[in-house]
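Reader: Could you take me through this one while I have it open? I'd like to have the terms spelled out as we go.

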Amino acid sequence: MNASGAFLVAAVALVVLLLGGAVSFNRFVSQRNHVREAWANVDTELRRRYDLIPNLVETVRGYAAHEQATLEAVTRARTAAAGDAGPPGSQASTERGLVRSLRDLLALAERYPDLKANERFADLQDQLVETEDRIQLARRIYNANVRDLNRRVQAFPSNVVAAVMRIDEAEYFEIEEAIRSGPAPAAV
Amino acid sequence: MNWLDLIGALPWRVGKPDSEANPPSLEVIGLVGLLMVGVLAWDTAPYVLISIALAEALVIGFIVTSAVRRVKRHRRDEEHVERIAERAGLRRAQPGEFNLYALPFPIFRAGEWQGFDHVWVGEWGDDKVWVFDFWNGYELRGQDVEDHFTCAAIELRHADCPKLSVTRENPWSRTWGHLGWRDIEVESDDFNRRFDVSGDDERFAFAFLAPSMIDWLQRTPKQFEFAVEGPWLLCRSRWLPTARWWDLLRMIRDFRGRMPKTIPRLFPDTVRPLAPGGDPSGVPGDRRARPERPREQSQNASGSVQGVRPA
C-alpha cells in the first residue's frame, strides 16, 4: 500500500470514529435530558405530596390535638424535605424521614375511630394513596432512565465518549411508599 | 347421533380447527378411484371383483368410523367448552353480538383475510369478557397460509389505556434492540431479556407493568402474549384445543386481577366505547368506528361470525 492509500484508510477511519463519537455523544445528550425530565416529574409529584400534608395534619389535629409530637414531627419532616434541593441521593434521605413520620401520622387513625370515619380524612388519605402511586411511578421511570444512562457511561466504547465529554453517572432515587395501594381487585 | 351430524363430519367437511374447510381427502379420492376400477373390471375374473368390493368396503368402513369418531370428539369438545364456560360465567354470543373489527389490536388487521369463531361472552364483575378463536390468512408463493389463535379479551369499564403490547423476545426483536431500536425497558433486567414491550406511552407502560405484574408475567407460559389498548385487555395464544381454554381464561383473569389500581385513576375513561356488537360506524364522534373493509362476513348456525376470503 502506498502513502496515499494509507492516508485514505486513516482518513476514512477517522471520519468513522468522529461520526460514531458524534452519534454516541448525541445519544448521551438525549439520555441526560430524559433523566432530567424524569427527575422533574419526580419533583412535581413530591411537591404534590408536600401540598397535601398541611391539610392532613390539620384534620388529624382536630381529633388528636394532644398527639403534638407526631404532628410536629410531620411538619418538621415536610419542611426539611420541601427545602432540600440537593441531588437525588440527599433528597431520598430527607424523603425517608418524611415517609416515616407520615406513617406514624396515619397510624394515629387506628387509635381514633372518629378520625378514621371522618370524610375529609378519608378523602385526604385517598389523595395521598394516589400521590404515592404517582411518586412511585415517576421514581421508576427516573430510575430506568438512570440505569440506561449509567449502563452506557460504564460500557465500552461509549465510556470513552463519556470520559472525554465528562458525562457522569446519575444517582438513583430510592424511597418507600408512605401508604400502599394494591393491585386492582380481581375481576372474578 | 343423527345423519346430518355424520354427513357434516365426513372428511371434506371437518378440519381442525372447525373454521378450516378441508379439500376432499385421500380417502374419498381412493374410494372414487376404486369404484372406477370396479366398473372397468366388470368383465374380468370374479375374484378381482370380490377383492375390489372388499377394498371398497374397507375404505367405506374407515370413512364412516372416522366420521363417527370425529362427531364424538366434536361433541366431547363442545361439552367440555360448555362446562368451562359455565364455570367461568360465559355464554355463547348471539349472532351479531361480537364485532372483531371493533377490537383495536393490530393482530386483527393482519393478513389478507380474517375470521373468528366459537365466540363466548360473559361478565366478570364490572368487566365484559370475550373468548374466541381467530384466524388470519395470507397467500405465500401461491399457497394459502392461515395462522390460528385463541384469544380472550376483557373490556374495562373505567379505563382508557394507551397502546401497550407485551410479547416474548425473539432473535429478531433482540437484534433490533442491540442496534438501538430499544423497546420500553422496565427495572427488571430479567423481564427485559424475556419480553418485548412496546407502546405509545412510557408512563403508562411503567404504571401498568408494576412490580407485581412484572413478577406474574415472568411466570406465565411462553405461548401467551398480552396487549392493552383503550378499554381492552387481550390475552392471545396460538390456537388452543378446547380442553385448554381454561388456561386462557385463567390467564386473562389473572392479567386483569394484577392490573394496578392506579390505572383507572391515572388513565380514566374519557369516551365510553361501544360494546363490540352491532354496527358502531354511524355514531358521530365514536373513536372506534368500524373501518370500511373489503371483506364479507357470514354467520354460522351457532351464531358466531366467520370471516371469509375476499372474492
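Author: Let me begin with a term: a salt bridge is a side-chain nitrogen of Lys or Arg within 4 Å of a carboxyl oxygen of Asp or Glu. The model is predicted, with local features needing pLDDT of at least 70 and side-chain atom pairs counting only at pLDDT 80 or more, whereas totals for chains, interfaces and linings use all residues. Residues are numbered from 1 along each chain as its sequence is written, chains are lettered from A and ligands numbered from 1 in the order in which they are written, and side-chain values use heavy atoms, with hydrogens and water left out.

Reader: OK, how many salt bridges are there between chain A and chain B?

Author: The count is five between chain A and chain B, and one of these joins the side chains of A:Arg147 and B:Asp189, at 3.9 Å from N to O.

Reader: And which helix of chain A gives the most to the side that touches chain B?

Author: That is helix H5 of chain A, residues 119-154, which gives 12 residues; helices here are DSSP runs (H or I, at least four residues), as strands are (E, at least two), numbered from the N terminus.

Reader: How many residues are in contact, and what area is buried?

Author: With contact meaning heavy atoms within 4.5 Å, 21 residues of chain A are in contact with 28 residues of chain B. The area buried between the two chains is about 2,000 Å², and carbon and sulfur atoms give 55% of that; buried area is the accessible area (1.4 Å probe) that two parts lose on being put together, summed over both.

Reader: Switching to chain B, what is its secondary structure?

Author: Chain B comes to nine helices and 10 strands, and buried residues (under 20% relative accessible area, with exposed over 50% and partly exposed in between, 1.4 Å probe, protein chains only) make up 46% of its 311 residues.

Reader: Is H8(B) mostly covered or exposed?

Author: Mostly covered, since 10 of the 13 residues of H8(B) are buried, among them B:Trp245, B:Met251 and B:Phe255.

Reader: Back to chain A, how far does helix H3 reach?

Author: Helix H3 of chain A, residues 88-111, has 24 residues and reaches 35 Å from its first C-alpha to its last, close to the 34 Å expected, where the expected span is 1.5 Å times one less than the number of residues.

Reader: What do its buried residues pack against?

Author: The buried residues of H3(A), including A:Leu98 and A:Leu105, pack against helices H1 (3-63), H2 (68-83), H4 (113-117) and H5 of chain A.
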